[in-house]
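The following exercises concern the complex displayed below. Each task sentence is followed by a solution worked step by step.

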Amino acid sequence: MAERHIFRLMLLILGVVFAFLYIPISVLVGLSFNDGGLPTAWTGFSTRWYGALLTNDDILKAAGNTLVVALFSTALSTVLGTLLAIGVEIRRRNGKWLETIIFAPMIIPDIVLAIALLSFFSLLGVKMGLHTIIVSHVVFNLAFVCAVVRARLKNFDWSIVEASGDLGASTFTTLRRVVVPVLMPAIIAGALLAFTLSVDEFIIAFFTAGAGRSSITLPMQIFAMIRFGVTPEINALATLVMAVSVVALALSQRLNKGELPGQ
Amino acid sequence: MSADRRPLLLMTPAMIWLFGLMVVPCALILVLAFFRRGLYGGIEYTWTLENLALVFDPLYFQIFLKSAGIAGLSAAIACVLGYAAAYAIAAMPRRHQPMLLFFAVLPFWSNYLVRTYAWIVLLNREGLIVNLARWVGYEGELPQMLYSEQAVVIGLVYNYLPFVILSCYAPLSRLNPEVNEASRDLGASAWTTFRRVTLPMTVPGIATGFVFVFVLSIGNFVTPALLGGGQFQMIGNLVYAQFLTANDWPFGAALSMVLIAVMLGLLMGQAVMADRASGGKGARDG
Amino acid sequence: MTHPFLSIRNVSKTFGSVRAVTDLSLDIAENEFFALLGASGSGKTTLLRMLAGFEDLTDGDILLEGSSIAELTPNRRPLNLMFQSYALFPHMTVTQNIAYGLEMDRLPKAETAARVSEILDVIQLGHLAKRKPDQLSGGQRQRVALARALVKRPKVLLLDEPLGALDKKLRSEMQLELKRLQHEFGITFIVVTHDQEEALVMADRIAIMKDGALLQVGTPHEIYENPGTRFAADFIGVMNFLPVSRTADGFAARDGSQMMSRGNAAPAGTPFVAAVRPERLRVGGTGDNSLTGEITALAYHGLDLLVHISTAIADAPVIARMTADEADGNAPVVGRQVTASWSAKDTHIFPE
Ligand SMILES: Nc1ncnc2c1ncn2[C@@H]1O[C@H](COP(=O)(O)OP(=O)(O)O)[C@@H](O)[C@H]1O
Ligand SMILES: [Mg+2]
């Protein structure tokens, strides 16, 4: 019957789309293990290009910077985002403008925020560097952490907060001993998400890093490298970056039972 | 609870952060656009509409149009491919769908630069596609594939396709299959059923996908820089140049302002449409 | 040679290892109001979907006016299905929903409009013509779904639990309405239901389905008065069951008394039950068979009175149905001992 032809057509579509999605990255991953490093011929499996990364000072420096940016921005945004989420959910009757401001950093195009921050810092005469990247990353990261924690708070039993207060705990103690422990999986998931976003983020970092090479992050380093063409080292680096973000996000999603905002 | 200020206290640090580093800087762009450019790149604090007028100067406005064209083309291709993929996933047995969806979205999670770079590997003059062509025996001159408008469109489609698959899958998976069957039962062919029943009911998903791809593409700066190779400029690259090389901040701000206005207009239009689509379903027995 | 109007021949359907319909044959006449009655999961929907063309036959054939329709896609079959979920197009108004099928037939615009407004009058929804389905009540949606299928004037209209989602009062109104429409349009109706009362009220003929096969086919009267199996007897109407055992010359109740019956052929070796309808029991009267017991409860059912009698010859209370007239002269009282009797011709014997 005609329905069977339609089903075959569907399979064909899936095949084409998945090929389109996966062939480019597979080729990249494959080449990163090619001993010769060239797409012209397969000369044997090798991890030497990964080894080469370890001796490239620029890359190591950039990776170090990225780690600093990601760690600090994650720490800051996790605290701010969690507090925001708890405050917003206790308050409940939040105006539309408030919800918009909290939601905006997640959908605002990177380029807009990047330009706005660059002109802001420049006008204020702030000297730019890793610290400006960090505070800028906190802007969108705290929104993501907040969204993840809020999702968990939607079915939070507030009576345990009242019970804790009833038993004589101060607000701060209740927060520290009752609310935060219950929310911990969501907070960790949010932090992991923030960390990954920060590690991957390029445009805002690029605009707010200031002049010079001292505060180059890994994505900026990759951008600089790939502007000058294809090398086996970039293949290896790209494969590593890809693996790290996929693993971190899968972990975050596992922790938070499949609830990822904006995904 | 209304007299309780403690929740506000919890929210304050984050709100200060968002206000100081998002709201104020964005507002700043609006102001900056109306100042004059200083002689040596600084800012002269006198009001002017010149920057805004310059945006609509044919020289620059055609870059705007070109960006919109590329963004529109990318969004359209992504919607066709993404809708087809989402439709195919929704047509598979239910138990396989979560897994298919997961793998359709997985690339979206990897680094944007890396995904773009993958196409440089494929398309460059010593790249895989050229090698493949040689290997099958093609001797002639191959057209330049990298550093072209087509490469930029491919890159944009590639990067944002998973998003469209997701946004189209949502309404498709919520369709009641019996509604399709009812159409067949009343005499419609499979194609007519698709055109008159399935498609109209899933337009909101397509619109969401289109708007997001368009917005992310029109302001895109990485993909044109890497896959366009400076052959042409898109609006994002023009803005970038004003701030970082040409040092004409007010003009950069004016460009950004128009760009942001286009983006916001589209996003808000899409939000209103999505709202109306879901609002209609909510009102039962009205 | 004349052939049956709609002929279902040795049809089977399996889903993987589940046998939804097994070797089912059934002929349905033109203009018949036919009810498929069975418990949930008995294969009613599957059979209907095979008729409409949404499930391939695993085996067998379906003939309409003598020619096979089994290979036709749903849009080419002159049958229409009213779905259990109604399956209205949510993005179309009532009018657009109803007109859809006529547009597929490429009817001229004027005729389409005329037929739509005609059927809107019939279902009395003209004032809601411009509404979308989600602005209608359940009963209104049901009528739109009915109109949408009916307006095509199919040769056969298939209705899958058409009244299942309605409340009781609306349901009994619609039962008569469906009957009226079927008569007015002169279309063969096949209605699926799990409600035996509904089938008895509406149908010219009923088929009882169980585990994908037909148990019995007949008019409501035949099935009610002469159920073929214990399942059918239990499923349709209320029935009292009394365990009996085989004796040399017939059957005996638990207390050893003779149970006279209408002489059902009874295979040896299995346990048996005697079955009798409540309205066949005469409280206080005399007859071929009788029982005595204590009245444990009284319940009014409309004007009739249901008398629950606890007796030694059955585990569950036996129910006798008395009309108001009968009860007037001889009012039963809870706790009192009574005798009830009935005739041999009303006594059915089934294997347990
Ligand atoms: N698409 C299907 N896949 C697998 N099993 C099915 C399918 N449709 C129906 N069945 C099975 O077939 C049997 C009959 O179902 P159905 O025809 O829906 O019964 P009814 O309508 O009488 O309640 C049930 O056991 C049901 O689980
Ligand atoms: Mg059913």
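## Exercise 1: Confidence of the model

Task: Determine the mean pLDDT of chain B and the share of its residues that reach 70 or more.

Solution. The coordinates belong to a predicted model. For chain B the mean pLDDT is 86, with 94% of residues at 70 or more. Where pLDDT is low, predicted coordinates should not be read in detail.

The other chains are treated likewise. Chain A has a mean pLDDT of 86, and 95% of its residues reach 70 or more. In chain A, residues 258–263 stay under 50, with 15 contacts beyond four places in sequence. Chain C has a mean pLDDT of 90, and 98% of its residues reach 70 or more. For the complex, the predictor gives an ipTM of 0.86 and a pTM of 0.82.

## Exercise 2: The interface of chain B and chain A

Task: Characterise the interface of chain B and chain A by its contacts, buried area and residue classes.

Solution. Step one is the contact count: 80 residues of chain B are in contact with 81 residues of chain A. Step two is the area. The size of an interface is often given as the accessible area lost when the parts come together. Between chain B and chain A about 7,100 Å² is buried, and carbon and sulfur atoms give 84% of that area. In chain B, the residues that lose the most area to chain A are Trp17(B), Trp109(B) and Tyr117(B), which together account for 12% of what that side buries.

Step three concerns specific pairs. Across this interface the rule finds 0 salt bridges, while 6 residue pairs are in polar contact, both members at pLDDT 80 or more. Step four assigns the touching side of chain B to its elements and classes. Helix H1 (residues 6–32) of chain B gives the most to that side, with 20 residues. The side divides into 67 nonpolar, 10 polar and 3 charged residues.

## Exercise 3: The domains of chain C

Task: State the bounds of the domains assigned to chain C and how far apart their C-alpha centres lie.

Solution. The assignment gives domain 1 (6–225) and domain 2 (238–351) of chain C. The C-alpha centres of domain 1 and domain 2 of chain C lie 39 Å apart.

Technical notes. Residues are numbered from 1 along each chain as its sequence is written. Chains are lettered from A and ligands numbered from 1 in the order in which they are written. This is a predicted model: local features need pLDDT of at least 70, side-chain atom pairs count only at pLDDT 80 or more; totals for chains, interfaces and linings use all residues. Side-chain values use heavy atoms; hydrogens and water are left out. Domain bounds come from an automatic or database domain assignment. pLDDT is the predictor's confidence in each residue, from 0 to 100. Contact means heavy atoms within 4.5 Å. Buried area is the accessible area (1.4 Å probe) that two parts lose on being put together, summed over both. A salt bridge is a side-chain nitrogen of Lys or Arg within 4 Å of a carboxyl oxygen of Asp or Glu. A polar contact is a pair of N or O atoms within 3.5 Å; within protein, one must be able to donate a hydrogen and the other to accept it, and residues adjacent in sequence count only if both atoms are side-chain atoms. Helices (H or I, at least four residues) and strands (E, at least two) are DSSP runs, numbered from the N terminus. Ala, Val, Leu, Ile, Met, Phe, Trp, Tyr, Cys and Pro count as nonpolar, Asp, Glu, Lys and Arg as charged, and the others, Gly among them, as polar.
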